[in-house]
Amino acid sequence: EILPGENGRRKNSVCLAGFTIFLNIWSSYSRGNRTREEVVTPPLPQQSVSGSPMAMPVDFKTYVDQACRAAEEFVNIYYETMDKRRRALTRLYLDKATLIWNGNVVTGLDALTNFFEVLPSSEFQVNMLDCQPVHEQATQAQTTVLVVTSGTVKFDGNRQHFFNQNFLLTAQTTPHNTVWKIASDCFRFQDWATT
Amino acid sequence: MVIGYRRVSKLVILFLVSEDNDGGSSRQGREKDWDSFQGDFRKQTHHYQQGGYELQPPHLLKDYGYMEKREVQRYQVRHTPYDVQHNKRGMKLHKEGCSDVTVWRGRKPLEREMENTQDETTGRWFKIIIPYGRKYEKTWLMDSIQSHCSVPFTPVEFHYVKNRAQFFVQDASAAYALKDISYKICDAENWKIAIFVSTSAVPYSVRDKLAPEEMEQLKLAMRKRYDVSQKALDLRSLLYDPGFAHLDIDIILNRRNCMAATLQVIKENFPELLSLNLRNNKLYQLDGLSDIIQMAPTVKILNLSKNELNSTWELDKIKGLKLEELWLEGNPLCDTFQSQLTYVSAIRKYFPNLSRLDGQDLPPQITTDIDKPDLTSPSIKESCERSDAMKKQVVQFLQQYYLIYDSGNRQSLLGAYHDEACFSLTIPYIPNNPAPSSLFEYFKDNRNMKNLLDPNLRFQLLKHTKHDIVSSLCVFPKTQHDLNSFLVDMWLQSEKMLCFCVHGVFKEVEGRSQGSVHAFTRTFITTPASDSSLCIMNDELFVREATLNETQRAVSIPVPTPSCSTGSTLSQEQQEMVQIFSIQSGMKPQWSQKCLEDNEWDYIKAAQVFATFKAQGKIPEEAFKQIS
């Protein structure tokens, strides 16, 4: 049912591609460098020198708050973009990001662009959200947040599936703000065994 | 008259040619005859002209049913040159606009066949054979082939002949593409699957496809046999139905085209069909019926009694139906079983939801075997390709982790976590729907940010440092995870990180929700530790109620084989009954035996009594096998 490669979409996408390009140019023009499809939070505090665990609690809470803010902002933007502005979705991903969609591996922006183009139109409803900051020891000092979601989705108006999804978001810090992008994305239907 | 010389010349020639009727020897003349022959052939399904181009297949004789039974082998003949004389005469029907129906016995390469043009009505058909295809499940086989084949195609008349699986395709490019993937698909045992492609005549179900007016008549006749209130369609003894006598079609359901037409009518007119009665229709195999899964998937009651089904393997072809009631008595396959018990369990393997067989209620299945999930649809894969070493490491980790997690004392999990690890737990939040009470034990730790908005609470409920984490894990009720149900997605691996999530089910084995089956998704971010184990940095656990499907598939904890202490006073069959009853009910064998004895060894009655007592809570705990 949900097979990538439905040829019917190709025709429309050629026409819309031109329009979208125009729209993108116009919107980036009008908004400066930032587009709607970016997850941005205030800048992160300076990383503390890794001291004893006792020094962590204060900074840790800040990390947690930061992670929560990023996660909430992100989830809102991500699913709205997925549902309503699908073509812009890949802007939320890092160049070398990997998506694992029901076991199918999709790596790199080109592949992701193709994948999201053939994925049928979606209608997401999230009923669970959780996030955790990821320890720098694992991420080699790049600020990372684990976001976990769950909910329901309908593809092309067909029957509803329950899904589980998780993301790794990494922060790209600038003096003015922090831009979060998806480093990895793992999605699966809950009824994977019977679909 | 030659007008507009060049352009019309071809047309003119054809015109002239077709007028040449009386040339029995001229090639074109014969082709004209062929045309008219074909016309007759279409209209009259039962009157065949003998001789000449002997094309009518043996199966279209009146008692098709009889022929079908024995003609598994001869089916092959249908699609090879019908008439040896053709070969001898070296004749080939060839005319522009008419397809080449002569089939050379595979000696001629595919390419030369392709030179002939296609007719829009008959087209060119190809037979695709998978030798030893019988050992593969239809869905898996076709999905594998579809996904490997570079050209999408529609398989027609898929069926099994002895050890082979075969089907037809119409598209030449598909046929080529299928030829290319021969020996390219590996099966579960790493054998390469061979695919043989040859040209063929039109498959019977296509050629003998019922004309629209025949379909209309069929539809009217079926309407008379449809009971709207029960959503039941009674097609029993269709073969003998006087009601069809006035129609100029014989609806013989064991013919592929009739079965296909019947299913088509069902799909279009009775879309929510619940009950289908095919009793006494001389069905020898269920290849044709296998399309019912697409055409009438809602059928829950099926009557196949008094047919000619020889083996339960026929049921394999329709096991996609979620049957609740099935009738099979009067089929040769019923006589192949030693006892009622083995018969019932064999049938249940195909239809786990079955509650009535041959008119008798079946004892409720309390536990079922795990089915290996069939994940061969192209879009949903069980796991993506990761290195085996990595997979092994993750599997080992999970086995060790859950061994401790389920042991009753989770303290030793301290060794699995990093000093500064994080853990949080969530349950779903559906607005206007209160959380199910079976998840009660998890309410207070639920950190679902969809309904938890206070930043302070959000911070507090995130467990940080391994001691905090393990303390809260120890508070959760004792569980038993079903490792066989686990599906692992490994979504990131780098030098420093191995990230994966686990989907599965577990049972609560104590506390208020004892016996509930829950489903979970647990996301782990780990780093490789010094001793080649994994060290958990982040652990997120999402728990929800399991669906009916998931609950049914959850297996009970394997218990040691019961030792029956009463020994030789029981007969072989009785001992068997005790063993099965014990496994199904979860009671120790002594208790199972007592229950059976008290109910005169009537298995079904004993099961019902057991279920009633259990529901009333009358059975003491000690009767049940220890779950450790």
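Select B:Arg356 and look across: opposite stands B:Asp361 in strand S13 of chain B. Strands here are DSSP E runs of at least two residues, and helices are H or I runs of at least four, numbered from the N terminus. Now show strand S12 (residues 356-357) of chain B, which pairs with S13(B) in the antiparallel sense over 2 bridges; two strands count as paired if DSSP finds at least two bridges between them.

A quick word on ground rules: this is a predicted model, where local features need pLDDT of at least 70 and side-chain atom pairs count only at pLDDT 80 or more, while totals for chains, interfaces and linings use all residues. Residues are numbered from 1 along each chain as its sequence is written, chains are lettered from A and ligands numbered from 1 in the order in which they are written, and side-chain values use heavy atoms, with hydrogens and water left out.

Zoom out to the open sheet of 7 strands in chain B, with mixed pairing and the order S7-S8-S9-S10-S11-S12-S13. Its edge strands are S7 (226-227) and S13 (360-361) of chain B, each pairing on one side only.

Next stop: helix H7 (residues 138-148) of chain B, whose buried residues include B:Trp140 and B:Leu141. (Buried is under 20% relative accessible area, exposed over 50%, partly exposed in between, with a 1.4 Å probe and protein chains only.) Among the elements that the buried residues of H7(B) pack against are strand S1 (125-130) and helix H8 (172-180) of chain B.

Finally, pick B:Cys499 in strand S18 (residues 498-508) of chain B. B:Cys499 is buried, at 0% relative accessible area. Leaving out residues up to four places away in sequence, B:Cys499 touches (heavy atoms within 4.5 Å) B:Asp489, B:Met490, B:Trp491, B:Leu492, B:Phe524 and B:Ile525.
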